[in-house]
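Let's take a walk through this structure together. Have the sequence and the 3D view open as you read.

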Amino acid sequence: MSFIETRGNDGTKPQEVEFSDAILSPSSSFGGLYVPKSIPNLGLDFIVDHKDKNYKELAFDILKAFEIDIDDTTINEALSLYDKFDDSTNPSPVVKIKDDLFVNEQYHGPTRAFKDMALQPFGYILSSIAKKRDEQYLILAATSGDTGPAALNTFKNKEGIKVVCLYPKGGTSDVQRLQMVTEDGENLKVIGINGNFDDAQTALKNLLASQTFKEELIKDGISLSAANSVNFGRIIFQIVYHFQSYLELLRQGEITLGEKIYINVPSGNFGNVLGAYYAMKMGLPVEKLLVSSNENNILTQWLTLGIYDIRGKELKLTKSPAMDILKSSNIERVIYDICGAFRTKELMEDLNTKGYFEHTKAELEVLKQYFSATFSDDSYGLKTIKKFVDEGYLMDPHTATCIKGYEQLKQKDLKMVIYSTAEWTKFSPTVLNALNEDTKTYADKEALEEISQKLDLKIPTQIKKLFDAKIKHDTVIDVSELEREIIEFLKVK
Ligand SMILES: *Cc1c(COP(=O)(O)O)cnc(C)c1O
């Protein structure tokens, strides 16, 4: 199947590209994104056929439905990366926590957060395309949280790919920073920036605009690629586990074939719930997609009022930092699907030039057929963690945002699956604040140990070993030194 552009074609890029091109060079005309030309409809037969199949078989068949130009062997090798998860046949288990409420736990991979679900197999596929074409790619990432560790883990020692990951010194948790600076690989460079996340991101943007940097890349024969959450190579793997949620409820005897369910996703850049939107369009019986946000509630505004307005809005730093976002990139794919390329370009240009856009009534009606949305603040999140732990289930602050939607947005007596995007170990100081009902500042290590003792939980080895691991990347620099530092790294063969 070919891929087309959300804002139409500018005449300099091809009208249509294959999957491999869409994921190697993910930016399309007018700053848009690539989307599949059509969304395959799989129907209920597909669900029946996969009731007794494992996760990898399910993923393989969903990828094949998009007719991607990746050979079967490569797809299977990519999917074998799920062997690194706690249960390779079921990497994101679905757990019952109330009669009508289930959790799809997406954090059982190497870096203990949901980013692994897609980045593990995606990293393999990207590298195998680069290798086959005998090309070298550079991936630049600025991270404040979970993407950096997951990207470094998946790309380490992969041929054809180099990764430079910037993090704001002091702007990540201990666990997140250690996951990056202890990651070992010849092709990885992790750089701490004196500044905050915005400084790191601005430094990256300036670098991409620098003429000397561009010339250096050409000289070294290196092209730029991206592994951010708008890459369709990540989205395609994020469709699979929504089918898995449904299949698991069927297998557990909780629903009958064809019965609808609610899917409730803690959202930031809208990649996770976009996968659910595609799954729904592919025939998964879903009543509504619930979009859960924190106090940065721009998605709630978009889906309830049909307005996306960032004028005068400032990003709030919350206890669910992976959802702290104002410009949520993947909404563009839904807008394209509902409004078409011409209108998408118009709305996205409004957002860029005026700081807001507004849907027509009719457009909003269509959005509301698929989505409902709500948000909650940190104090709600902490209380929710405490309440559920008392009932026997421990969740992280991102997952806790879904409970608001469970309480407010469920209109029918149907089962609901919420998505748990991070293990408690990644946000342990906040989790401990919730358990102790205090506001103390804990270090990750002490919080991990105290929670582990209190709740008799094991700290997984991937997290535990971080505190004794050798630091491989000790570079911390000012932004002014960034370009020189990266160019030096690129020269190392
Ligand atoms: C990335 C992330 C999210 C948000 O996912 P999107 O696909 O960007 O909406 C939520 N929770 C955690 C823990 C994450 O790492």
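**Cysteines, cores and a surface patch**

Start with the cysteines: the disulfide count here comes to zero, going by a rule that asks for two cysteine sulfur atoms within 2.5 Å. Keep in mind that you're looking at a predicted model. As for where some of the cysteines sit, C165 has a relative accessibility of 2%, so it counts as buried, since buried means under 20%. C402 is buried too, and its relative accessible area is 0%.

Now head inside. The largest nonpolar core takes in 139 residues, and the members that touch the most others are F243, F270, W302 and F371. Which helix gives the most to this core? That's α11, spanning residues 237-251, with nine residues in the core.

Zoom in on F243 for a moment. Leaving aside residues up to four places away in sequence, F243 touches L42, F46, I47, L58 and I62, and also A279, M282 and L284.

Finally, come back out to the surface. Here L44, V48 and L257 make up a nonpolar patch, and together they have about 240 Å² of accessible area. To find L257, look in the loop that runs between α11 and β9, the latter being residues 261-266. Is L257 buried, exposed or partly exposed? Its relative accessibility is 42%, so L257 counts as partly exposed, the class between under 20% and over 50%.

Technical notes
Residues are numbered from 1 along each chain as its sequence is written. This is a predicted model: local features need pLDDT of at least 70, side-chain atom pairs count only at pLDDT 80 or more; totals for chains, interfaces and linings use all residues. Side-chain values use heavy atoms; hydrogens and water are left out. A nonpolar core is a set of buried Ala, Val, Leu, Ile, Met, Phe, Trp, Tyr and Cys residues joined through side-chain atoms within 4.5 Å. Buried means under 20% relative accessible area, exposed over 50%, partly exposed in between (1.4 Å probe, protein chains only). Helices (H or I, at least four residues) and strands (E, at least two) are DSSP runs, numbered from the N terminus. Contact means heavy atoms within 4.5 Å. Patches are made of residues with over 30% relative accessible area and no salt bridge: like charges are joined within 9 Å, nonpolar side chains (Val, Leu, Ile, Met, Phe, Trp, Tyr) within 5 Å. Accessible areas come from the Shrake-Rupley method with a 1.4 Å probe; for residues, only the protein chains shown count as cover. A salt bridge is a side-chain nitrogen of Lys or Arg within 4 Å of a carboxyl oxygen of Asp or Glu.
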